[in-house]
Each structure stands twice: as structure tokens, then as C-alpha cells.
Amino acid sequence: MDNDLLIDVKNLRVSFHTDEGFITPVDGVNYQVRRGKTLGIVGESGSGKSVSTRALTKLLPKNAVIEPTSQILFYQNGAAQPLNITPLSPNSKEIRAIRGGQVGMIFQEPMASFSPVYTVGNQIIEAVRQHRHAAASPLAATATIGSQIDESIRAGNKKMSKLEARDVAVDMLERVGIGNAGLRVNQYPHELSGGMRQRAMIAVALSTHPSVLIADEPTTALDVTIQAQILELMRELQAELGMAIIFITHDMGVIAQIADEVAVMYLGAIVERGPTRELIEDARHPYTRGLLAAIPSLDRLDTRLSSVPGDIPSPLERPAGCLFHTRCPHRIDGTCERFAPERTEVVPNHFVRCHLYR
Amino acid sequence: MLRFLVHRFIGLAVTMFFVSIMVFVIMELPPGDYADRYAFRKFSGTGVNVTEGDIENIRIQFGLDKPAWQRYFQWVGGIVTRFDFGQSFAFETSVNNVIGKRLWMTLAILYSTLVLTYLLAIPIAIYAAIHRRSAVDYSLTVLSYLGLALPNFLLALILLYISVTLFGTSIGGLFSPEYEKAGWSVGKALDLLQHLIVPAIVLAWSATALQLQTVRATMLDELNKLSVTAARARGIPEWKLLLKYPARLAVNPVVSTIGFDVNRIFSELPIVALVLGLPELGELLIQSYLDLDMYVAGAVLLMLTFFIVVMNFISDIALAALDPRISLEG
């Protein structure tokens, strides 16, 4: 039994009812989230990377449907059986306990993810009081995350007082490297700098001690030096708290710095997945290779920056056969446009969906 | 915050100064003055021959012979130091006496209209935005277009008819005859409230329709904000986060346009008051223009603009209290 397994996603299929028709931005995705590990999900806009992770907390628009055949299994502490959240309503108590409680989220725009009319502290305290309970020793840094929260919920403890929650907030802001936290806690988001806001957002997400942190392009809106600092901070906090991270980005360079395992998504499917080093050094799928070649490098200053040719097709016109065949430089005529490739394990733990590796 | 208040207060005082000059200029604009009118009224038909000299005497008697700037300072000085708005020529008593009760009635109508507008528009619009594209949302849109399209004097007549035929209540005026002269009592207050309902509905009608659309649009905008998704991702119960995040910001445009609403209510009030027979300032304003009773007209104009300016001041402060991004720039 895999003790570090936190979330197991099997055959995830998400559809949207839109005015133009029925689209399926995520179709048959499988991935696992493990304690202390970082799963990187890479893909272009519209590849379904955000939708496939937001499904974990059912944080999808009203017109979205998670197909009932999908399985989203949460392995909870002490529970004998994993909890499949697919049939649960997005407004159910269980989902709300998962949101913020087990799964924290940070987003691309740190400014927009805070409400401008409440202090940073207010928004941390809100989360803390929603999920943490009075008796749980505040910020027992060494305790395994997750366990203490579950215990206190079972014990039926009262809500944490505002004062206690404020202490947690100050402590958390200090931990994410915000100086003068006692003062910052009473400030409004517009009074913080961009990098500090993203740190504060991480503080909000981690203040409830989630076992999984979903980071949806958290560094895209930041400049490079701040980006490096935030990545470093996330690595430190992961080492300290042991949570799993799902890191979504379109930037292969960032993924190489932070992820243990990478999944490359294209048009709602994972086309290649493997350990980061292995995948970057020995990418198999033509799409992954294209993405890697598109990273600017000082060694290739004299050649033009390459890009993956063509545009990602509209989700309304998903190609038959291999999803990538319309843009693939290694297309095998007569095969790729007719048959969808099966998943192949090229070396242990390195999977690819491509007819070139049958 | 204090600095902000002081700033805004100075702004208010400066605005009132300019408004008083404008009002005085307007008072001076009509051809002829009250002396002519007085002489005409007093002696026409009596066969007395009125000479220029007689009119000049009347002018001196009323103090109208002095230069305009002197009369301006006398007028403003009286208002500021003694709260004395001068003499009404037509009523032959002080302006304060003429305006007296009408001022309170105007304020009663104004505030009941505002309260009714906001009580209706804000919750309904928030509900409609959350349940976008539902039957409730669509029917509200139709209703609010009706609200914008229907002239309010017509609505006043319809409501007058309905309330008299269906409920048998006397709805014109602000008091039933038995309370008209009586002192203040609970019964009288209730009677006033009952009479305020129709004017409040009539005046709130279009404002509610407009604010409904504004709040609904802002709310829809706010609902899609990342901060709302972020709060949802923290596991905050849906109704709680809707009230705390989008709803609070959806109220902002309403708060910032309180002054506009007051302005519109004052502009529509005279016509509605005429139809419903309400003793209030707008009707008096029209009457005083007809009589060239300039000090009454000036006092009414000054008071109405004063309330608009004050309500703007209040809306500024309320907005600053609601939105922390504002007060800092004070």
C-alpha cells in the first residue's frame, strides 16, 4: 500500500455545456499526488491544466460536469477507504472541508486573489477560523499536517477565537518571509508589493495546514527575481511542512526547478508523464520536445527561437486520432489521424501517448 | 481619516459659497423686481396713478435700492449668523415662516424615498445577479425597464386612483384632515407614514429601476473576480462569502451616487407634489417664481442644493468607510 498517496485521479473527464455546444476540456486524465512531492502540470492555454486541478475541489463553473465515471480519490488520515468526491455536490460540507482544509490554492494574480476591501489578516483569519479549531495547538511546527486538524474536527472542538487566529496569521506571514508581520497583518493588499502579495497568498493557503497545495501559475505574473524567490520559498515550506504541491505552469523552465514529476497536457489529455529529470533529458513526445526547444537559452543565441508550429485547436473541433497530429512534425500518415495512441511506459514511470513508441 | 473629513468639509463650504452666489444671481435675473410687482398688485384697478417715485419709495422700503453686492452680503450674513432667510414679499412674513413645515415634509419625502429605493434595489439586484438567467432575473429586468419607461406623474395618478378606489384612503397631502392641525402623537406619525408611501413609491420607482440595473451589473462583475474564487477555495460557505466579498462591493456604486439620487428626487418632486397635493419645497419654488418672491425662491434653491451637497458629502464619507482604497488618498 502506497502510504504517501494523498489523491488519486482516475480517468477524469470534465465537460462544459456552452452556447456553442458541449465541450470536453479534460478527457481521461490520470495522476497521483504524493506527500512531500511536487507534480508539475505543463501545457498551453486551453490544454485543460487548470480545469483538471480545479476539479479536485469542484471549483468549476456552474455549467461544468465531472463525468460520473471519473474517480477523484482522497486518501484521508485514518480512513480505511479513500473518499471518492466525484458524486459530491460542490456546496457539500465534505467539499468545503477539502477546500482550504485539505487542499490549499494559490493563483496567478496575487492582487486579484485578495479582496481589496479587507486586510490581509482578515482573509487569513477567515480561513483559519473556518478550518482550525481551538484545541489544536496553534502552529505545532513539527506535527504532521492534516492529522491534528482531523482529530480536532472529530473531537468537535469549538472555533478558534479571533485573537488566536490572528496569532496564527502573524506567525504564518513571518514564515513566508514577510518582515514586520505584526504590522502587515493589518494592511490592505494594495499596501503590499507584488512579491509580498504572492507570499501573503501562500500564507493564506498554508495557514490551515493543507496536505496539498495547488499552485495555478503562481509565478507567471511576477518578474524573474521575485519568481525565483517564490519558488525557493515554496521549496522551503514543502521541506518544512511536508505538503504535496501541484504546480501548474506553461513555463518548462520553471517546472524544471520545482517539480519531482511532470505531466504534459495537450487538449485535455496528458500526453507524456515522467520524473522531471528523465522527462526533460529524454523527452519522447514530439509536443514535449517542441515545448523544451521553445525555452530560450544562452547557448543558442545565434539560432532563431523555435516554437511548436500551429495553434492549439479549438476544443469544439478536437482532432480525431492522436490529438496532436495536426501540428506534429513526425506524423505517421494513415495512423495518427485515425487511431488514438495508447499509453505506453517507455521506461519505468515514464509514460507517453504516441504512435512513435508502440 | 480626520484629514479626509476636514478636506471634504472645506470642499463643502466652498461649494456652498459658490452656490449661494449663483442662487443670488438667479434671483437678480428676472426683469423688474418685487417693487414693480408690489406696486402693480397694490394699486392696479384702484385708479391711483403710480409714478416712478412711488416705486422708488417702495424699493427703498424693501431695501431693494442698495447695490447687489451689499444685498448679497446682507442676505448671506443673515442666513449664516441668524439663520434668517429674509422676508417673503408675497406672504408678507419671514421666509423662515413660509418654509418652516414644508422643509421637514420635503426631508420626510426625500428620506423615505431613499430608504425605499435602497431597501428594494440592493437585495433584489444581488439576488438576481446570483441567480443569473433565472425566471426571477428576467422578470426583474422587464420590470425595471418598465420602471425606467413609465413617467412618474402618470404612476402618481394611477396609484392615487388605486388607493382611493381600492383602499378608500385619502392619499393626497401628507396628513389626514383630523391630524392636520393636531399636535404630534403616535397616531399622527403613523398617519404621516401612511401618506408617505405613495409619494415614496412614485419617486423611488425610476431610481429603483436604475439602481437595480447598476447593482446587478456590478454584482455580476464582482462574482467573477478571482478573490471570490479564492475565498471559495478556502472553503468559506457560499452565502457567507457572497455577502462578504461581492455583495459588499456591489453596494459601492449605490453609495457613490446617493447625491445623484437626491438630485433626481428634487427635480421630480415638484411635479409629483403637484399631482399628489404635497406641501413641500418644490411646489413653493415654482409658486415663488411666479410671484417674483425672490427671497423665498432663493431660500428654497439654497436649501435644496444644500441637501444635495450634504448628501454628496455623506456619500463620500460612506464610500471611504466602505472602501479602504479611498480614504488614504484623502
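This is a predicted model: local features need pLDDT of at least 70, side-chain atom pairs count only at pLDDT 80 or more; totals for chains, interfaces and linings use all residues.
Chain B contains 16 helices and 2 strands. Its C-alpha atoms occupy a box of roughly 85 × 55 × 40 Å along the principal axes. Of the 330 residues in chain B, 46% are buried. When contacts in chain B between residues at least 6 apart in sequence are considered, 72% of them link residues at least 24 apart.

The interface between the two chains brings 22 residues of chain B into contact with 29 residues of chain A. The size of an interface is often expressed as the accessible area lost when the parts come together. For chain B and chain A the buried area is about 2,300 Å², and carbon and sulfur atoms contribute 61% of that area. On the side of chain B, the residues that lose the most area to chain A are B:Leu226, B:Arg234 and B:Lys244, which together account for 27% of what that side buries.

In one salt bridge, B:Lys244 is paired with A:Glu126, and the closest N and O atoms are 3.1 Å apart. At least two residues of the side of chain B that touches chain A come from each of helix H10 (226-233), helix H11 (238-250) and helix H16 (324-327) of chain B. By residue class, this side of chain B comprises 11 nonpolar, 3 polar and 8 charged residues.

Because 7 of its 8 residues are buried, H10(B) is largely enclosed by the rest of the structure. The buried residues are B:Leu226, B:Ser227, B:Val228, B:Thr229, B:Ala230, B:Ala231 and B:Ala233. Elements of both chains take part in covering them: the cover includes H1, strand S7 (103-106), helix H3 (110-113) and H8 of chain A, as well as helix H9 (186-223) and H11 of chain B. After H10(B) comes B:Gly235, with a positive phi near 85°.

The largest nonpolar core holds 100 residues, among which A:Ile7 and A:Met234 touch the most other members. Helix H8 (residues 194-206) of chain A provides the largest share of this core, with 8 residues. Apart from residues up to four places away in sequence, A:Met234 touches A:Ile106, A:Ile202, A:Leu213, A:Ala215, A:Pro218, A:Met243, A:Ile245, A:Phe247 and A:Ile258.

A:Thr53 is part of helix H1 (residues 49-54) of chain A. Its relative accessibility is 0%, and A:Thr53 therefore counts as buried. Beyond its neighbours within four places in sequence, A:Thr53 is in contact with A:Tyr31, A:Ile41, A:Ile214, A:Ile246 and A:Ile248. A:Leu88, by contrast, belongs to the loop between strand S6 (83-84) and helix H2 (93-98) of chain A. With neighbours within four places in sequence left aside, the contacts of A:Leu88 are A:Lys58, A:Glu94 and A:Ile95. A:Lys58 lies 30 residues from A:Leu88 in sequence, and their C-alpha atoms are 8.8 Å apart in space.

Terms used. Residues are numbered from 1 along each chain as its sequence is written. Chains are lettered from A and ligands numbered from 1 in the order in which they are written. Side-chain values use heavy atoms; hydrogens and water are left out. Contact means heavy atoms within 4.5 Å. Buried area is the accessible area (1.4 Å probe) that two parts lose on being put together, summed over both. A salt bridge is a side-chain nitrogen of Lys or Arg within 4 Å of a carboxyl oxygen of Asp or Glu. Helices (H or I, at least four residues) and strands (E, at least two) are DSSP runs, numbered from the N terminus. Ala, Val, Leu, Ile, Met, Phe, Trp, Tyr, Cys and Pro count as nonpolar, Asp, Glu, Lys and Arg as charged, and the others, Gly among them, as polar. A nonpolar core is a set of buried Ala, Val, Leu, Ile, Met, Phe, Trp, Tyr and Cys residues joined through side-chain atoms within 4.5 Å. Buried means under 20% relative accessible area, exposed over 50%, partly exposed in between (1.4 Å probe, protein chains only).
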